[in-house]
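Biologist: Before we discuss any feature, I would like to hear on what grounds each label is given. Please set each value beside its definition.

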Amino acid sequence: MSVRTVTQVITERGPTKGLDAASAFPRKDEELEQQPPGGDSASPETRIEQAEARTEQAETRTQQARVRTEQAEVRTEQAETRTEHARVRTELAEVRIEQAETRTEQAKTRTERAEARAEQAEARSEQEVQASQLDYRRLFQAAKEGILILDADTGQIADANRSLTEMLGFSLAELLNMPIWEVTAFKDAAANKAKFEQLHAQGYAPYENIPLETRDGRKITMEFVSSVYLAADRNVIQCNVRDVTERERAEETAVRLAAIVNSSEDAIIGKTREGIITSWNPGAEKVFGYSAKEAVGQSMLMLFPSECVGEEAEILARIARGENIEHFEAVRVGKNGKRIDVSVTVSRVVDRDHKTIGLSKIARDITARKRAEREVHRLNAELEQRVIERTAQLQAANKELESFSYSVSHDLRAPLRAIDGFSQAVQQDYAALLPEEGQRYLKTIREGAQRMGVLIDDLLTFSRLSRLPLTRGTINTNELVRALVKEMNPPGKDCHAAVELIDLPQSYGDAALLKQVWINLLSNALKYTRHRQGARIEIGAETKQGVTTWFVRDNGTGFDMCYADKLFGVFQRLHRAEDFEGTGVGLAIVQRIVQRHGGRIWADAAPDRGATFFFTLGDGTEE
Amino acid sequence: MTEPTAMEILLVEDNSQDAELALRVLRQANIANHITLARDGAEALEILFGNASPSPEVAPKVILLDLKLPKINGLEVLKRVKSDPRTKLIPVVVLTSSREQSDVVQSYRLGVNSYIVKPVDFERFADAVQKVGMYWLLLNQPPHVDE
């Protein structure tokens with residue numbers, strides 16, 4: 001365009017090419033000659049004057065002519081210069097014309113190319129439109145959000161993506177061309193007709209948390225964003241629908257968890273990895289006395305007694321190593337300066353990528369428990385002390401008993417022997433001098449002395465049993481008892497009782513002492529069946545839950561159970577000496593031995609119906 | 001010197017009744033006629049070591065020793081007898097009322113030759129004394145000190 005304009009301008013100027021200075025001035029000369037016309041008709045003087053005047057005029061004119069000539073010369077020079085300029089310009093113009101022609105040519109080429117490109121572009125954009133439609137379709141179907149396209153004029157559903165149909169449980173076919181307010185899922189929701197019209201008017205409407213019902217009656221919560229826009233030649237409404245049921249549930253859970261934290265009696269404290277408090281529940285307020293406002297932003301160190309300040313660094317270091325701290329018992333200080341015993345659990349709070357974003361600390365006030373523990377500890381120590389003192393007393397008593405029994409064995413026997421010995425000497429040396437009555441008295445004196453000797457022996461045996469240490473081992477009870485039965489109730493004419501003996505399990509204890517137990521029980525059974533026709537003795541054992549109960553049963557005299565508490569007392573007898581001899585020490589000895597083995601002894605009997613003695617032995621711990 | 005017969009039994013017994021009964025039994029059984037009685041430990045040691053050195057003739061064939069004695073007790077007497085080369089070969093029989101194991105063990109440690117618990121019953125006491133006398137004086141072969 002501009003090229004063409006330049007060419008035109010140059011062409012229009014073309015005719016000024018032959019213009020020069022001379023041709024420009026002749027009109028001026030013609031003008032001078034015609035002026036003044038009437039001079040020839042005047043006097044000589046006048047004519048002289050006139051001639052002079054004319055001469056002067058001529059001179060003036062000559063002068064003027066000279067000036068004009070000079071001026072003309074100047075102009076000629078100027079014209080020449082201009083001609084020169086014009087020539088240069090003409091040359092330049094010619095060059096420009098050439099350039100312009102070249103440019104025109106180029107422009108033409110360019111135009112042709114542009115046209116070609118435009119054609120290509122058109123073809124491309126057609127492809128692109130097709131591709132973008134495909135992309136859109138793919139996005140539409142693949143979107144996690146449900147997308148619903150409505151006809152903005154009629155409210156009919158024009159399209160719905162897979163997420164939406166899956167979300168609602170309706171097929172696309174069921175939805176298509178239905179006015180949205182007639183779809184049951186939307187019936188009560190934001191998409192009822194009134195809302196639709198409102199949206200239609202405003203062009204955009206976000207709704208939060210709209211409850212919908214799926215085809216199978218499930219209530220779900222939706223977040224709805226709708227907008228109206230022009231597509232092709234008609235208005236459509238696009239609704240983006242997001243199922244926020246999960247999110248709502250998560251929010252609800254968070255609220256519930258927060259409520260739990262808030263209602264906890266324990267102090268639940270959030271802190272940074274550096275130990276700066278970030279959260280502080282009412283439990284913490286209760287335990288430590290600081291309000292959340294006072295505590296948040298402070299260092300945990302404010303809760304540490306000065307001597308425990310090092311603990312925090314240690315706790316943080318352990319946490320940094322990935323350890324959790326559970327039920328760590330420590331002392332902290334509350335706002336009022338009181339020391340509080342706490343059980344502390346510290347754990348890392350991690351985000352989804354297991355990155356530590358802070359620490360949680362749960363502290364339980366165990367001051368009361370600690371106090372109780374200290375009390376128990378004190379009582380235990382006190383008890384221990386008392387046990388020590390009591391043991392010392394017992395040891396002293398034992399020692400006393402030892403020297404007492406020594407003196408009994410030594411000093412009480414001698415007079416008895418003298419009584420017996422000299423009584424016998426009288427019997428031997430002076431029997432002839434004594435009447436029969438006197439001899440009977442001497443006999444009675446000797447019997448009394450002998451009986452007292454037996455009592456002393458039994459008492460000493462009993463006291464020795466309490467003092468001697470036990471030598472435990474495994475005992476073949478079966479063999480032991482069979483041998484004793486054979487010895488104490490020998491077969492033959494002296495046999496007076498039928499002894500029934502089942503296989504007895506092994507026992508564990510002091511062999512000599514347990515033998516004494518069996519001897520005493522067996523001799524009792526034999527003694528008290530002495531007057532019985534068809535005397536029977538049954539010996540057995542029964543093991544229940546790992547504990548063996550041994551028993552010796554007879555069908556002898558028995559006894560009244562109301563005297564059972566006297567049965568095992570030293571020198572306690574339930575029968576008269578005339579009926580059954582004995583010192584009343586046998587069962588006391590049995591009980592003592594059984595008790596020293598950590599066992600128990602008891603009896604079951606009825607007068608004239610026999611008696612059964614049961615006993616157990618402990619597992620090796622002395623009573 | 002007028003009695004060339006050596007002391008046969010040294011009975012160390014503080015209880016005069018026991019001593020009398022023992023002497024009666026031994027005499028009745030005709031076991032010994034020369035019995036010396038010491039009433040406490042000190043007297044026993046005086047008899048054994050008193051007049052210069054005890055000659056073999058003075059040494060008893062057996063010592064019947066009670067343990068619980070006034071002044072010096074039986075275990076001390078036993079210790080002195082068994083640790084002195086002049087008397088260590090004399091058989092010592094403890095005849096005591098004590099059946100305490102500590103006494104029995106201690107006596108054997110000190111070298112006692114026999115330990116008899118006096119039976120409380122006189123008849124058994126008499127029987128025991130008689131058997132002890134019979135055994136040590138008649139059955140037992142003592143070493144000859146002068147050999």
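Modeller: Chain A of this predicted model has an average pLDDT (the predictor's confidence in each residue, from 0 to 100) of 82, and 88% of the residues score at least 70. Residues are numbered from 1 along each chain as its sequence is written, and chains are lettered from A in the order in which they are written. Because the model is predicted, local features need pLDDT of at least 70 and side-chain atom pairs count only at pLDDT 80 or more, whereas totals for chains, interfaces and linings use all residues.

Biologist: Where in chain A is confidence lowest, and where is it highest?

Modeller: Among the helices (DSSP runs of H or I, at least four residues) and strands (E, at least two), which are numbered from the N terminus, helix 1 (residues 2-13) of chain A is lowest, at a mean of 45, and strand 17 (residues 611-616) of chain A is highest, at 93. Over residues 1-35 of chain A pLDDT stays under 50. Where pLDDT is low, the predicted coordinates should not be read in detail.

Biologist: Why is A:Leu480 called partly exposed?

Modeller: A residue is buried if 20 or more other C-beta atoms, placed from the backbone, lie within 10 Å of its own, exposed if 12 or fewer, and partly exposed in between; A:Leu480 has 17, and is therefore partly exposed. This residue is found in helix 13 (residues 477-488) of chain A.

Biologist: Which residues does A:Leu480 contact, leaving aside its neighbours within four places in sequence?

Modeller: Contact requires C-beta atoms, placed from the backbone, to lie within 7 Å, and on that basis A:Leu480 is in contact with A:Ile475, A:Lys515 and A:Trp518. A:Lys515 is 35 residues away in sequence, with a C-alpha to C-alpha separation of 7.3 Å.

Biologist: What makes strand 16 and strand 17 of chain A a pair?

Modeller: Two strands pair if DSSP finds at least two bridges between them; strand 16 and strand 17 of chain A have six, in the antiparallel sense. They belong to an open sheet of five strands in chain A, in the order 12-14-15-17-16, with mixed pairing. Strand 12 (497-501) and strand 16 (600-605) of chain A are its edge strands, each pairing on one side only.

Biologist: How many residues does each chain give to the contact between chain A and chain B?

Modeller: Chain A gives 14 residues and chain B gives 16 residues. Helix 11 of chain A contributes the most to the side of chain A that touches chain B, with 12 residues.

Technical notes:
Two residues are in contact if their C-beta atoms, placed from the backbone, lie within 7 Å.
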